[in-house]
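User: Hi! I have a structure to look at and I'm new to this. Could you walk me through it?

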Amino acid sequence: MIRNLLILLTIVISGLVTAQDDSETIVVMELFTSQGCSSCPPADELLDAIKEKYEDHNVFVLSYHVDYWNRLGWKDPFSNAAFSDYQRHYAKQFNSRSIYTPQLVVNGSEHFTGSNNAKVIAAIRKYSKSITTNIIKIKGLKEGDDQIIMEYRVEGSTFNQITFALVVSKKTTKIGSGENRNRTLKNTNVVVNRLVKKDASGVITLSVPDWISNSDKLSIIAYTQNDKLKTTGATRISI
């Protein structure tokens, strides 16, 4: 299944559009997932396939691990109650009565089950044609043992908020209990810290969890959203 998807994604890549001015096309894909959810591994694998194929294109994938599965036998080490709250904010915007996993939100504009290959491909085709209204510029990045400091500036139209997500490229976990017990799961672009700002410019500090090792590949994905949580711009910087 994943092999066939990679072939289809390769075809879709040729259709990506890049603007000729300072604006550009972007696709931001936020997966709400959990290691305690038996339906999530196929979505995690799909997200990994997307990242592999679009590493050099303006497709940004993020894996937000929610905490409401933790009570069912396995505590996801990457879960965060704040990520569950973020998903609930999306539910309000989508007029949804409940939240679920695996949920994939694309450009803050639509959502569907994160393992749905056909909808993923259709969404990439659709949103690769939309032009951003905000440009995010980052400079002065400084790395410490337990924190990252940088300056940012947002240009373009009015926006509501900018999110800075510190992500680790890949993490593999042996699951000891819960619905996925005895499985080894790989998660991609796991969000390990998330900071939200309203200002158009400033200096931010992102803390780095103590379980991050020197071998972990880190990056920061920053994206702007309007008051409906629709994505208006995005950028990525490797650490």
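**A chat about the model**

Analyst: Happy to! This is a predicted model, where local features need pLDDT of at least 70, side-chain atom pairs count only at pLDDT 80 or more, and totals for chains, interfaces and linings use all residues. Residues are numbered from 1 along each chain as its sequence is written, and side-chain values use heavy atoms, with hydrogens and water left out.

User: What about N182, buried or exposed?

Analyst: N182 is exposed, at 61% relative accessible area. Its phi is near 70°, again positive in a residue other than glycine, and N182 is found in the loop between strand 7 (161-174) and strand 8 (184-197).

User: New topic: which residues does the cis peptide bond join?

Analyst: T101 and P102, with omega about -5°. P102 is in the loop between helix 3 (81-93) and strand 3 (103-106).

User: Now the inside. How many residues are in the largest nonpolar core?

Analyst: The largest nonpolar core has 23 residues, and F32, L62, Y64, Y90, V191 and Y223 have the most contacts inside it. Such a core is a set of buried Ala, Val, Leu, Ile, Met, Phe, Trp, Tyr and Cys residues joined through side-chain atoms within 4.5 Å. Strand 1 (27-33), strand 2 (59-65), helix 3, strand 7 and strand 10 (218-225) each give two or more residues to this core. Apart from it lies another core, of 20 residues, including F78 and V168.

User: What does L62 touch?

Analyst: Leaving out residues up to four places away in sequence, L62 touches V28, M29, E30, L31, L47, A165, V167, N189, V191, I221 and Y223. A contact means heavy atoms within 4.5 Å.

User: Last one: which residues of helix 2 are buried?

Analyst: In helix 2 (residues 41-53), the buried residues are P41, A43, D44, L46, L47, D48, A49, I50 and K51.

Notes:
Helices (H or I, at least four residues) and strands (E, at least two) are DSSP runs, numbered from the N terminus. The expected span of a helix is 1.5 Å times one less than its number of residues. Buried means under 20% relative accessible area, exposed over 50%, partly exposed in between (1.4 Å probe, protein chains only).
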